Amino acid sequence: MAEPPERDPFPEFRLDSDAGATFVLESKGKWWHAGFHLTTAIVGPTILTLPYAFRGLGWGLGFLCLTVLGCVTFYSYYLMSKVLEHCEKAGRRHIRFRELAADVLGSGWMFYFVIFIQTAINTGVGIGAILLAGECLKIMYENLSPNGSLKLYEFIEMVTVVMIVLSQLPSFHSLRHINFASLLLCLGYTFLMVGACINAGLSKNAPPRDYSLEPSGSSRVFSAFTSISIIAAIFGNGILPEIQATLAPPATGKMVKGLLMCYTVAFLTFYSAAVSGYWVFGNNSNSNILKSLMPDEGPSLAPTIVLGLAVVFVLLQLLAIGLVYSQVAYEIMEKQSADVKQGMFSKRNLIPRLILRSLYVIFCGFMAAMLPFFGDISGVVGAIGFIPLDFILPMLLYNMTYKPSRSTLTYWINLSIIIVFTGVGIMGSFSSIRKLVLDANKFKLFSSDVVD
């Protein structure tokens, strides 16, 4: 198990003997590479769940939550980048979230807390990526062979095999070209989906629109917090320090440029996907809006070529997302198993890498096949993972590092965000887990359908 960090006056020598840092988190990137990584981590097929999230909030509250969470996360990531730059200038360049938190807060337990949360995020996103990729394959298969016998778990097995191969790419930096393609793919399928939704909404087969919320007050509250957790998961990444670690030092100012690139793409995709999908389907929106466009009964609501191309784009980007969110797990494995003196591609390091990374991907694939709860997984991961790491800790780290006066607006903004999102995280965790438990009655192990 990873050991908590100790203050090291010569961190460059410590990193030279750290295989996780040297191999997985090698620092060679430009600011636009960080932008590609961030975009892949944040702007993914989870945006196809935005209409589903809106059905628990309605138009007004949906827009408000989407905007507020977007502004708060951008602000949060900016503050964390400033804290990382401050530590680097002080001679303590942190390349891992857990080390940054333990150093600034001066607590060994914080080191293990961040490892636990990041593991929950990485595993949850890895499961979700494989599950949704398998569902994409199933959608294409059912359209080509309506009476085919293949089940969802068999498509998940296919995706898992591909992910095992791709997982052998040795470093985070080596994903830069894949993540640039990922950026183009997310733009592609978003605008295909938006066009398909507009076409569906204007067609004679347009579904009836109902934007009403649940009649029960308590159910409405639970649904709202579940939706907020889903949106938090969509904006969250939980790996910003590891992404900033891929930048060639000094990192000053580079991460802000990467964030601006990422949020430009997010603005274009998030709002267009949420508005178009919820406008057409209202409170009947599926957790994957592409499934809403291809109802089980009745004709498809969009041209087959458009939907097919969108599904292919989603499938390809999911592979990149699975790779990005696996890097922290791979870095932890490599730090413990690899020998930096032997070289990245030596037999001594290649064999453990192959075995450990393959086992990790197989575990994610097995869980995806066994528990097909994509929409609910997003809510739980958002509540217990992304909200603490992306909405609470960055504000706390900034206040501890820069120590703004209590008379300043910055101090009170940060404190308010900490308090509000601590409450949101608690309520979101409760409501998301509640929905997960309720949905557990609707499925059987290795079901061939994803429960909404």
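Visitor: In which helix does Ala19 lie?

Guide: Helices are DSSP runs of H or I with at least four residues, strands are runs of E with at least two, and both are numbered from the N terminus. Ala19 belongs to helix 2 (residues 19-24). This is a predicted model, in which local features need pLDDT of at least 70 and side-chain atom pairs count only at pLDDT 80 or more, while totals for chains, interfaces and linings use all residues. Residues are numbered from 1 along each chain as its sequence is written, and side-chain values use heavy atoms, with hydrogens and water left out.

Visitor: Is Ala19 buried or exposed?

Guide: Buried means under 20% relative accessible area, exposed means over 50%, and partly exposed lies in between (1.4 Å probe, protein chains only). Ala19 is buried, at a relative accessible area of 3%.

Visitor: Which residues does Ala19 touch?

Guide: A contact means heavy atoms within 4.5 Å. Leaving aside residues up to four places away in sequence, Ala19 touches Val24, Glu334, Ala338 and Val340. The C-alpha atoms of Ala19 and Met344 are separated by 8.5 Å, although these residues are 325 residues apart along the chain.

Visitor: How many salt bridges does a search of the whole structure find?

Guide: The search finds eleven salt bridges. Arg96, Arg98, Glu99, Glu331 and Lys335 are linked in a network of them. Another salt bridge joins Glu26 to Lys28, with the closest N and O atoms 3.4 Å apart; Glu26 counts as buried, at 14% relative accessibility.

Visitor: What separates the closest N and O atoms of Glu142 and Lys138?

Guide: In that salt bridge the closest N and O atoms are 2.7 Å apart. Glu142 and Lys138 are separated by about one helical turn, because they are four residues apart in helix 7 (residues 108-144). Glu142 is partly exposed, with a relative accessible area of 38%, whereas Lys138 is buried, at 10%.

Visitor: Which residues form a nonpolar patch on the surface?

Guide: Patches are made of residues with over 30% relative accessible area and no salt bridge; like charges are joined within 9 Å, and nonpolar side chains (Val, Leu, Ile, Met, Phe, Trp, Tyr) within 5 Å. Accessible areas come from the Shrake-Rupley method with a 1.4 Å probe, and for residues only the protein chains shown count as cover. Here the patch consists of Ile351, Leu354, Ile355, Leu356, Leu359 and Ile362, which together have about 510 Å² of accessible area. Ile351 is placed in helix 15 (residues 347-370) and is partly exposed, with a relative accessible area of 41%.

Visitor: Is Ser76 buried or exposed?

Guide: Ser76 counts as buried, at 0% relative accessibility. Ser76 lies in helix 5 (residues 58-89) and, residues up to four places away in sequence not being counted, touches Asp390, Phe391, Pro394 and Met395. By contrast, Ile426, found in helix 17 (residues 409-439), counts as exposed at 56% relative accessibility.

Visitor: How many helices and strands are there in the chain?

Guide: The chain has 17 helices and zero strands. Its radius of gyration is 22 Å, close to the 22 Å given by the globule rule for 452 residues, so the chain is as compact as a globular protein of that length. That radius is taken over C-alpha atoms, and the rule is 2.2 Å times the number of residues to the power 0.38. Buried residues make up 58% of the 452 residues.

Visitor: Where in the chain is confidence lowest?

Guide: Confidence is expressed as pLDDT, the predictor's confidence in each residue, from 0 to 100. The lowest confidence is in helix 1 (residues 11-16), at a mean of 47, and the highest in helix 3 (residues 31-42), at 95. Over residues 5-14 the pLDDT is below 50, and this stretch has eight contacts in the model beyond near neighbours in sequence. The chain averages a pLDDT of 85, and 91% of the residues score at least 70.

Terms used: Salt bridge = Lys/Arg side-chain N within 4 Å of Asp/Glu carboxyl O.
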